[in-house]
Each structure stands twice: as C-alpha cells, then as structure tokens.
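Thank you all for coming. I will talk through one protein chain this morning, and I would ask you to keep the picture in view as I go.

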Amino acid sequence: MLDPGFVRERLDDVKQGLLNRGLQPDAELGQLAELESRRRKLIPEIEGLKREQNAAAEEVARAKRQGQDPSAIFAANKARGQQIKALEAQLADVEQQRTSILMTLPNLPHVSVPVGKSADDNVEVRRHGVPRVFDFAPKAHWDLGPELGIIDFERATRMSGARFSVLLGGGARLARALINFMLDLHTREHGYTEVEPPFLVNGDSLRGTGNLPKFEQDLFKIGGDWDLYLIPTAEVPLTNLHRGEILDGRQLPLRYTAYTPCFRSEAGSYGADVRGLIRQHQFDKVELVKFTTAEQSYDELESLTRNAEEVLKRLGLPYRTMLLCTGDMGFASAKTYDIEVWLPSQNTYREISSCSNTEAFQARRANIRYRPDGTGKAEFVHTLNGSGLAVGRTLIAILENYQQADGT
C-alpha cells in the first residue's frame, strides 16, 4: 500500500507514477483528496471536543467545592460525548474508505525503471550463454515429454481438467532433483534459510502481499466456512512470516527460500501459453524472499537476481535478464527484473523468474517493521521476492536444449 502521507503531500508525483504505469487515476486520487479534506476537518474538531470534556471535569469539581449544582455540566458532557462518538464514527468511515482505495492502487515505479506500455518496451540488461545450433528441427517439450514417457497431459486432463500435467519416471525424478538442487544452492552458497510453509493461507496474508482484494479471481479459495486460499506462490507465506512484527534491524537482511507447489486460476489468460507446461493451474517453484532496509534494498535486488541467474548458469542454459518497463510490472513491484531462458522450439527467450523490490508496499499492508539499532522508532522494512526458479519451466528448458536427434 502506498504511504497515505506521501499521497497527501505529493499527489502530483503519485499521479505521474500511476500514469507511467498506464493508469488513469484521476477518479481515485480525487476521492482520496476529498476524503483527506474531510479527515483534516474531523480530527481537530474531535480533539477540541475532547479538550472541552477534560476541562468540564474541572468545572464539576469546582462547582461541587462552591456548593453549586453540576447537573447542567453533566448534561453538556453527555451531549458532547455523543457528539464525539458520532464524529469518531465518521472519521473511522473516512479512514476505511481511504484505505479501501489505497489497497487498489499499485506501487509507484522506481526512478530507474524505464517508462513504457508493454513488454516491447522492456530493456535487456545482460545475457549469458549462446543458444545451441541444431542440425535437426528441435521438438517442443509437449512432444518430447510424451514421446519419452515422462509427461502425460491426457491423463491429467481426465483427472483434473485442462492445464494440469502428470510427471512420470524420469520426469518426476528430474523435477525432484531440480528442487533439491535449487534449495541446496540457495541455502549452502547464497545464505538463505530454508522454510517449509503452509500451502494454504488466510485472506489477511494475501492482502499483505497485494493479491487481495484486486486479484481474487486469480486465486483458488477452498470451500466451506474456511477463510483459506491455495497459495499462488511461496512469496505469500514467506512474506507473511513476519506479519505484524517489529524486527531487530541489526539482523537484517533476512533471506528465506522455500519450495512449494503453486496454484493459480490464471483468469484472463485463457488461450495464452495453455499448451504444455508453460502456464499451468498447479506448478512447482522455489522462491526467494528478503526483508531489508530502504538503504540496502536495491543492492539486495541485484544480488537476489544474480542468485536466481546462477541456477541457469549451473545448468548450462542460455538466458537473458530484462528490466521491466512501468507498463509491464506487477502490482506490488517498484522495480522488476525478468530472467528469460532460451527455448529452442519457440526460437525465443521465455520468462522463468521475476525478481522484484516492492520497497515498503507489502510491509505497510502486512505491518512489518524494524528498529534500525534494535531500539528507537520503528520503520517499515523493504521486501523483495523472486523465483529461484520455476521448476516446470526449468524442466522444459532442459528437455528442449539438451534433446538429441533421436528424441532422447
């Protein structure tokens, strides 16, 4: 969530940041300005009435000392108390409306993010490795997998519907090996602490990361009276690991990694990448999450991105790293790098990881703060996240880049 004080004091900067994202925020910002005006009128009025209430207590004591009847003062106090209660209810309503609007506004892009409308305006930062030149026509993974007997789409469709898959034999073993490889790399060499989190989280957790309320259609919610959703990514439980806490700044940055299955309805993306393993309703991913300070967060973004890239380097897979433009970033992000792996069958690079700095956007929603020296005034942490990596897409890249002419 954006800082309400920043929105109030720098409305033009907020408007420009949202315009750069391709939004037309006039209505929302107009409502916020109106609510802020009402709030600034209500607060001093309530405070003034409360001061009068406190002064009235002295008037009652003085009247009693002088033998006077204080009933008129009591009556005025009662009326004033009812007026305070009514005004406080108005103030609570104003603040609730303000929060509701702020919860729907995305993060503002960092100054280093290029302004653009779509993926066409993203900027290549670097690339590693040279795509292999085949002396035969390379097959797509959706042909290779079934022919090798390691991926079954038809049986998965019978069980669960479209956009599910079954990994068999060497396919299942490869996925398991990749998960262990990624976790071992990030914990033993990159300094992350491994976490096994719940795969179901409550609505407050999803509000904390920015998935709710705006993107509820992309989530799977379980039935009955449960306020629980299947996680769309381990970013959600890892970020909420410290929800509502005040951390010791001397221990920052905190670095966590987790393997989880991920569940997404992918509402609105029907027809895009629905063949094969590219865009599934259920997929495996190893996630990286950091908690750090404002001063450290952009250095930590660079190192987190390099940590994710290292997986592809060790696997010998060609990739490139792209800086996303303002129009292509996720809702909570202030700056994002996409890592794209080479897929021979498509003769192009495809996203395999997004690494983002959300600054204090998620921390403000989830109320995660820290005291810089372990004491003093608490400040909001900066949170970062990235895939390290998406397991299914890594498996795809291995199959396609290392295929042989005989189909092995």
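Predicted model: local features only at pLDDT ≥ 70, side-chain atom pairs only at ≥ 80, totals over all residues.

**A walk through the chain**

Leu389 lies in strand β16, where a strand is a DSSP run of E with at least two residues, a helix is a run of H or I with at least four residues, and both are numbered from the N terminus. The peptide bond that leads from Gly388 to Leu389 is cis, with omega near 20 degrees.

Residues are numbered from 1 along each chain as its sequence is written, and side-chain values use heavy atoms, with hydrogens and water left out.

Let me now step back to the whole chain. The protein chain has 12 helices and 16 strands, and its C-alpha atoms fill a box of roughly 110 × 45 × 40 Å along the principal axes. Of its 408 residues, 49% are buried, meaning under 20% relative accessible area, with exposed meaning over 50% and partly exposed in between, for a 1.4 Å probe and protein chains only. If we take the contacts (heavy atoms within 4.5 Å) with a separation of 6 or more, 76% of them are between residues 24 or more positions apart.

How are the strands arranged in the eight-stranded sheet? Its order is β1-β11-β12-β13-β16-β10-β9-β4, the sheet is open, and the pairing is mixed; two strands count as paired if DSSP finds at least two bridges between them. Because β1 (123-128) and β4 (193-194) stand at the edges with a single partner strand each, one side of each has no neighbour in the sheet. For β4, two bridges join it to β9 (residues 254-263), and these two strands run parallel; Thr193 has Tyr256 in β9 as its bridge partner. Helix α12 (residues 391-401) packs on this sheet, touching β10 (282-292), β12 (335-343), β13 (348-357) and β16 (382-390), and its direction makes about 35 degrees with that of β16. For that angle, axes are lines fitted to C-alpha atoms, for helices over the stretch in contact, and angles run from 0 to 180 degrees between N-to-C directions.

There is also an open sheet of three strands, in the order β5-β7-β6, with antiparallel pairing. Here β5 (200-202) and β6 (220-221) are the edge strands, each with a single partner, so one side of each is left without a neighbour in the sheet. Three bridges link β5 to β7 (residues 228-230) in the antiparallel sense, and Asn202 stands opposite Leu228 in β7.

Finally, I would like to turn to some points along the backbone. A cis peptide bond, with omega about 0 degrees, joins Leu252 and Pro253, and Pro253 sits in the loop between β8 (246-248) and β9. Arg163 is not a glycine, yet it has a positive phi of about 70 degrees; this residue lies in the loop between α6 (154-160) and β3 (166-167).

Is Arg163 buried or exposed? Arg163 is buried, with a relative accessible area of 8%. Glu359, which is not a glycine either, has a positive phi of about 50 degrees, and its place is the loop between β13 and α11 (361-366).
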